[in-house]
Amino acid sequence: MTAVTDPRTTADPTPAKSRSRFWSKFLANPAAILGGVLVLFFVTVAALAPILPIFDPTATDWLAVRKAPSAEHPFGTDEIGRDVLSRMIWGAQASLLAGVVSVAIAVLLGVPLGVLAGYARGWTDAAISRVTEALLAAPFLILAIALAAFLGPSLTNAMIAIGLSAMPIFIRLARAQTMAVMTEDYVESARAIGLGHIALIGRYILPNIFPPILVQSTLTIATAIIAEASLSFLGLGQQPPAPSWGSMLNIAKNFLEQAPWMALYPGIAIFLVVLGFNLLGDGLRDALDPRDH
Amino acid sequence: MLAFLGRRVLIAIPTIILISIFVFGMQKLLPGDPVLAMAGEERDPEVLEYLREKYRLNDPIPVQYLNWIGNALRGDLGISLRTNQPVLELIGQKLPVTIQLAVMALIIAMVIGIPAGVLSAYKKGTWIDWVANTVALSGLSVPNFWLGIMMILLVSVQLGWLPASGYRPLSEDPIQSIKTMLMPAFVLGTAIAATLMRHTRSAMLGVLKSDYVRTARAKGLSERVVLVKHALRNALVPIVTVTTLLFGELLAGAVLTEQIFTIPGFGKLVVDAVFNRDYAVVQGIVLCTGVAFIAMNILADAAYRVLNPRMKDQ
Amino acid sequence: MPMKKTLGLALAFALGTTALQAADLRIGLQEDPDVLDPDQSRTFVGRIVYASLCDKLVDITPGLEIIPQLATGWEWSDDGLELTMTLREDASFHDGTPFNADAVVANIDRSQNLPESRRKSEVKSITGVEAVDEFTVKFTLGAPDATLIAQFADRSGMMLSPTATAAAGTDFGLNPVCSGPFSFVERVAQDRIVLEKFDDYWNADAINFDTVTFLPIPDTTVRLANLRAGDLDMLERLAATDAPSVKNDSGLSYAEAVSLGYQGITINVANGAGADNPLGQDARIRKALSLAIDRNVINQVVFEGAFAPGNQSFPPTSPWYNANFPLPERDVEAAKALLAEAGFADGIELEIQVANNPVQMQLMQVVQAMAGEAGIQIELVAKEFATLLRDQSAGDYTASQIGWSGRVDPDGNIHQFMTTGGGINDSGYSNPEVDRLLDAARTSTDLATRKANYDAARAILEEDLPIIYLYHVTWIWAMDQDIKGFTPYPDGMIRLEGVTKG
């Protein structure tokens, strides 16, 4: 609910012009650029993990257990002597994947349902809306905890749980957007000339609801990354020895006094990447908002 | 107004039934039989079977559901399998704690979020705007549990300023109670301050362009008076709405924060109950928070209508 | 100026709290106890509360000898089928109900016959109990039972007020009434359990606190932070990794005792289809796994050397430990040779389930790395504890990292795990000779005979290895330096007789 985009945002009839206006607005916003840079940085690091000259993230060393940062291990070592820096770099993959995949699940399930509700109206709409409300009223984290516990603790299951719990936002958004687009004159006339349902949805509705969904997705990735970290913190996310930032924190909280670096760096990394997605999403929203000149 | 409220409450009923079916169903699908999970090291098969019969866990799931919902309607939410305490009593013990935490967090969020939103709207497009924005989004981007741990490490262990836990009820020891709640409320408050700031900013942007602000300025009133007396007062409608919704969210959303600061509220109760398969407790709490969330939604809508009579029924 | 004011306030606060806390003891627990009814309860942590709330017929010394508590003396008949106990005459329950032989009869009846009772198997051998006179009670047994007295040193021996059990039934745990040094005041779930001194306690002079408050604080770091901040007077189950810092802290004191329990890897050898794999079928592979593990390194890396490495159901310090099978040295080559002999010269892959808590995960990652060097590739399957337990008792697992909190009598650590059809024999292990030896050990009251039987059983189990034992937890208590007179016990309980503050 933090960032549900205003449903009045609709497409501009002249795409090329609007695209250049989008870029000029986006690039004029230093916060958005900062967000973009942060996201790009972490995506690059995660992608390069296999070829970077770093330690094996699962290689243990009994003689270097919980060693403070040094030249050899810039971020120190963890509770069984693994290099924290290389676990963070590999952990970036898990955390970003968790964000992107769970949002993909939410979008792929939520958008069709939302469009269906907004397009068909009537009983279909009422039924989908009630279920959405019920899902929204069930507390997000409790839902995710119960789902993850049901499916068994693993990164995949955490992503499914987060995706399902994030779905209602997209149902609502897609429904509202669809209903708004349906009242536009050009849609009315397209219907009048007898365009079929599929064509109508494909040609007019989907392109028009794309921008707000994109904005919402960016912001929800941020929430999903935190959610994965929270589930991992409860032991329900990525399972060792594979690293993720959340599961690193889960372990680190037992060694706050002896090895504060174990908690410090993964926490900062989560903060920066989430901030990146939030700033980026926020910037996209401002740049796509036609009301605001 | 009454008709509006009545209709909203009627619409809420199927939603609440759906929540209850949903939670009940999920509970039943959880692996790990509650009786076995409770048994721990004591796994006498005869006793386990007796308990399954006693708590009617062998009945078909729809029968179990009807049973539970029937009792719930009579105000009986069952007992905790772990401690034998009635669920309603547990909720009664936890609700004031969580409400206290939510109220304190909300106050902190308002103190930060509303002025930041006003300032950022007033200085729109300047560096003040985007710094305020970035700072607000930072609050939203820090994982609660990490901030909580770091604060315990710094404020409690290193500096010794505030207790890390040891919550006391407000009625018994108000000073200790507020001291123990300060850090968790801050952690939660900074997270929702961002939302509040964003909504304040956009409401203020709308109001600042309006005619009466222009008129007020034309009358030569000071900028402070214009901002606070005219603009902010008019921007309050959406702010009140969003605050009500945030309160509903906080009632259920403090799960990890309560866990970190060992605050005996809803969040801690529900996490432990899920892990212990104490299903009656989970169902009772989710039902309660669900109802609270919907009630807050209705209240928010009602507040919106009262404050903004121009709005018509959708 | 503000500095002075703060100082003054701090001083006033410190003085105020000393006066107040002299009478109150605040103990941090690792978990919230379950129902406070000794007949129905099943958690270790609950027993810590009972140690202050409910007296037992007998108690133990730190060296595990049985000593009088509510019973002042006892005597066995020659055939081992009758136990006569004389009872303390100056004890009463918190509600004023007198403690006497009739109360014991009512308590044994409840442990045996309350449908919800978890004590049934512990007092199964008792076929009759009668009040000989007001303070003498006689138990009749169906067969000799060497474990019974030790059961009376735990929950089966806890005496509850018959008046209260009759009135409350299964709800007794909401307002427990016993005869211990403290009586129940209130409980707020997950927050606190408050007890107050029972003035009519027979040993009231040894009790130096007006109230005891138990505060469940599951996070070990937070629990220690609370102790350091002065919000707790003592805590149980300090994390082993925090032990050095507590020992170096002049404001805190430290106590430890090796527990009666164990941690290990239980292997499914015949519990359904889950046993159908090389690890379950071939003892050589289990032996190879055991040889690949360096138990001392585990203790150093995971537990800062604070725990006791182990390889049997009893810790090496126990009189029941079989010295013929000392802690094995790690031997990677021997492990590889055994694997080759079993037909897996190129290594083997196997799956071990583990509870998804940080310490057990850390332990198993160390095991995983060690086994890997011997060619045993372990895949760890993390499960939530409730699921792990379900899969384990259903036989839906290959191997499982799990432990046991331990019992005073050796029988409690081995019989139900290793005998055919035993209550917690999740491994499905069955060997008639082991059954015979363990049955004999539980019915003999002669210590030497019992020891010989356990030693013989160990020799067989050493070959079959249905459980690979890894280590024995050390109970660690940390407390404010003002707390004096605390004695650590291997059962992990906190006994407050003689403990003082300040």
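1. Basis. The model is predicted; local features need pLDDT of at least 70, side-chain atom pairs count only at pLDDT 80 or more, and totals for chains, interfaces and linings use all residues. Residues are numbered from 1 along each chain as its sequence is written, while chains are lettered from A and ligands numbered from 1 in the order in which they are written.

2. Chain B. Chain B has 13 helices and zero strands (DSSP runs numbered from the N terminus: helices are H or I, at least four residues; strands are E, at least two). Its C-alpha atoms fill a box of roughly 85 × 55 × 35 Å along the principal axes. Of its 314 residues, 49% are buried (20 or more other C-beta atoms within 10 Å of the residue's own, with C-beta atoms placed from the backbone). Among contacts in chain B between residues at least 6 apart in sequence, 72% join residues at least 24 apart (a contact means C-beta atoms, placed from the backbone, within 7 Å).

3. Helices α8(A) and α10(A). Helix α8 (residues 197-233) of chain A packs against helix α10 (residues 261-288) of chain A at about 165 degrees, with the axes 9 Å apart. Axes are lines fitted to C-alpha atoms over the stretch in contact, and angles run from 0 to 180 degrees between N-to-C directions. That makes the two helices roughly antiparallel (angles over 145 degrees). The contact includes L214(A) and I225(A) of α8(A), and F277(A) and R285(A) of α10(A). By class, it has 16 nonpolar, three polar and one charged residues. Ala, Val, Leu, Ile, Met, Phe, Trp, Tyr, Cys and Pro count as nonpolar; Asp, Glu, Lys and Arg as charged; the others, Gly among them, as polar.

4. Core. The largest nonpolar core has 336 residues, of which A144(A) and A478(C) touch the most other members. Such a core is a set of buried Ala, Val, Leu, Ile, Met, Phe, Trp, Tyr and Cys residues joined through C-beta atoms within 7 Å. Helix α3 (residues 84-120) of chain A gives the most to this core, with 17 residues. Not counting residues up to four places away in sequence, A144(A) touches A161(A), I162(A), S165(A), A227(A) and L231(A).

5. Chains A and C. Here 20 residues of chain A contact 21 residues of chain C. The chain A side divides into ten nonpolar, seven polar and three charged.

6. Chains C and B. This contact takes 34 residues from chain C and 35 from chain B. On the chain C side, α13(C) gives the most, with five residues. That side divides into 13 nonpolar, ten polar and eleven charged.

Notes:
Angles under 35 degrees count as roughly parallel, over 145 as roughly antiparallel, 65 to 115 as roughly perpendicular and the rest as oblique. Two residues are in contact if their C-beta atoms, placed from the backbone, lie within 7 Å. A residue is buried if 20 or more other C-beta atoms lie within 10 Å of its own, exposed if 12 or fewer, and partly exposed in between; C-beta atoms are placed from the backbone.
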